Amino acid sequence: MTHDFEKGRGLIVVDIRLLVDSKNHLGEGPLWDVEEQRLYWIDSSAAEIWTCKEDGSDVRLHYVPSHIGSMALREKGGAVLALANGFSLYEFKTQRLTHIGDPEADEPENRLNDGKVDRRGRFVAGYMSYDHDRQDANRGQRPVRNSALYRLDPDLTIHRLDSGIKCSNGPCWSPDNKTFYFCDSYDDKMYAYDYDIETGNVSNKRLFLSNADYPGTFDGSTVDSEGYIWNAHVFGGRIIRYAPDGRIDREIEFPVRNLTSVMFGGKDLDIMYVTSMGRPMKGVPQKEASAGGLFAVYGLGVKGLPEPRFGG
């Protein structure tokens with residue numbers, strides 16, 4: 001599938017390909033590792049980790065014992081996982097898990113969701129609720145905000161960064177490390193924080209974007225080398241690139257509606273990998289044959305930034 005859009009005075013043609021027909025129930029978290037030159041992604045509800053080469057070949061599959069929200073590779077080998085029961089370390093060859101901790105163990109309906117590593121090797125991930133339709137009697141017809149955002153340091157200590165969240169998604173950083181972006185998907189909002197790269201602390205939370213004018217809602221994000229934010233609009237069938245001031249720079253429509261996350265990869269970091277959801281959602285028809293597949297977008301004319309490994 002090709003898609004045209006205007007950039008400056010020229011017309012840019014991008015090529016969208018179904019790279020792996022993985023039929024993921026809930027594909028998420030594409031992660032390009034510059035050391036291995038491989039792409040990783042997950043099927044959250046199938047409790048699977050997938051990996052392939054740049055061109056979609058050599059597909060391999062690893063299993064974990066519970067729902068998985070996100071992952072990052074470790075400098076010491078293996079991965080750090082955001083699982084339903086908290087943070088864990090994982091060894092691919094043995095499939096051995098070492099549990100680190102679950103800061104929301106007292107909220108059995110909550111599980112860790114999207115997460116990424118900052119450029120000092122810290123893993124930042126937040127929770128969401130399985131029971132997102134549950135209502136708070138004091139708030140009327142609004143889902144409860146009982147989830148939070150956490151930072152896992154290389155020494156394996158866990159620190160809470162923010163709270164009052166419904167569904168954590170899209171963590172990513174500006175190229176200068178000064179701004180942290182984060183989505184609350186059930187709120188249709190993307191926030192920006194000041195980020196202290198020396199300490200890993202956040203401050204000055206403010207609304208960056210609201211999704212009121214577009215179908216779907218914010219899901220996974222990444223930042224390119226020019227400092228623009230790319231976001232997958234789940235239920236909206238499009239990828240949107242936002243300028244650092246929040247202006248929409250370009251939109252790319254996809255052949256499937258339920259896109260979940262984005263990441264630049266390939267040897268030149270100029271391919272955008274896009275995950276999608278294959279499971280039916282309440283009130284959302286699911287008839288696309290390639291739903292749940294891994295897509296690749298070529299010809300964007302921009303590059304991404306290398307994803308760091310977890311330092312622990």
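Which strands each supply at least two residues of the lining of the second largest pocket? The views below take up this question in a predicted model, where local features need pLDDT of at least 70, side-chain atom pairs count only at pLDDT 80 or more, and totals for chains, interfaces and linings use all residues. Residues are numbered from 1 along each chain as its sequence is written, and side-chain values use heavy atoms, with hydrogens and water left out.

**View 1. The lining of the second largest pocket.** Strand 4 (38-43) and strand 6 (60-63) each give at least two residues to this lining, strands being DSSP runs (E, at least two residues) numbered from the N terminus. The lining residues, which have an atom within 4 Å of a point of the pocket's 1 Å grid, are E36, R38, Y40, T51, R60, H62, F92 and K93.

**View 2. The salt bridge between R309 and E36.** In this salt bridge (a side-chain nitrogen of Lys or Arg within 4 Å of a carboxyl oxygen of Asp or Glu), the closest N and O atoms of R309 and E36 are 3.5 Å apart. Because R309 lies in the segment after strand 25 (294-298) and E36 in the loop between strand 3 (27-33) and strand 4, the pair ties together parts that are 273 residues apart in sequence. R309 is buried, at 13% relative accessibility, whereas E36 is partly exposed, at 37% (buried means under 20% relative accessible area, exposed over 50%, partly exposed in between, with a 1.4 Å probe and protein chains only).

**View 3. The salt bridge between K166 and D187.** Their side chains meet at 2.9 Å, N to O. K166 is buried at 6% relative accessibility, and D187 is buried at 12%.

Key
1 Å grid on protein atoms, 1.4 Å probe; cavity = no way out; pocket = protein on both sides within 12 Å on 5 of 7 lines; lining within 4 Å. Helix = DSSP H or I, 4+ residues; strand = E, 2+ residues; numbered from the N terminus.
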